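Biologist: I would like to go through the charged pairs and learn how to read them. Please take them one at a time.

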Amino acid sequence: MKPETDHNAATTARCDLCDAPATDERGLRTHVKDSAYLHPHDPRLDGDRPLTACSAEHLTELIKKVGARPFVDEELWAGKVARALAAHSQGLNLYALAMETGLTQDQIAQAALWAGRADPSHPTPERFQPTTALGSEQG
């Protein structure tokens, strides 16, 4: 991963490690794969976490810290499912959920299993079954 100096970034950019200003002269940016990252506006960029640092040392530390996590497809898929469900309070059937997230029904099922293991306080059947959390099977 080659960091690049961000000459176009606003001077208000902050270091993701220490929160110091990452000025045009000092600001370094890169991206790391992170299955826990959901892009705020573009779902195509989910899993590709941007990092900003005030120095090469801080960028190296951020890459080690964030980039050391294993990338787990099911974690990313679970985030996409959760985002879609949060945007549709009436629920979504499985077909609509697949269309909304761009995931296959098998990927949604794998995401549900992963989410159930990751958060045992929310058992998988109650979180993602089409007859409960997703709403009725009618579209």
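Biologist: Is R14 buried, exposed or partly exposed?

Modeller: First, the basis: this is a predicted model, where local features need pLDDT of at least 70, side-chain atom pairs count only at pLDDT 80 or more, and totals for chains, interfaces and linings use all residues. Residues are numbered from 1 along each chain as its sequence is written, and side-chain values use heavy atoms, with hydrogens and water left out. Buried means under 20% relative accessible area, exposed over 50%, and partly exposed in between (1.4 Å probe, protein chains only). R14 has 40% relative accessibility, so it counts as partly exposed.

Biologist: With which residue does R14 form a salt bridge?

Modeller: A salt bridge is a side-chain nitrogen of Lys or Arg within 4 Å of a carboxyl oxygen of Asp or Glu. R14 pairs with D19, with 3.7 Å between the closest N and O atoms. D19 is partly exposed at 46%.

Biologist: How many salt bridges does the structure hold?

Modeller: Seven. Another of them joins R49 and D34, at 2.5 Å from N to O. R49 lies in strand 3 (residues 48–53) and D34 in the loop between strand 2 (28–33) and strand 3, so the pair ties together parts 15 residues apart in sequence. Helices (H or I, at least four residues) and strands (E, at least two) are DSSP runs, numbered from the N terminus.

Biologist: Which residues are linked with D34 and R49 in a network of salt bridges?

Modeller: R69 and E75. D34 is buried, at 4% relative accessible area, while R49 is partly exposed at 24%.
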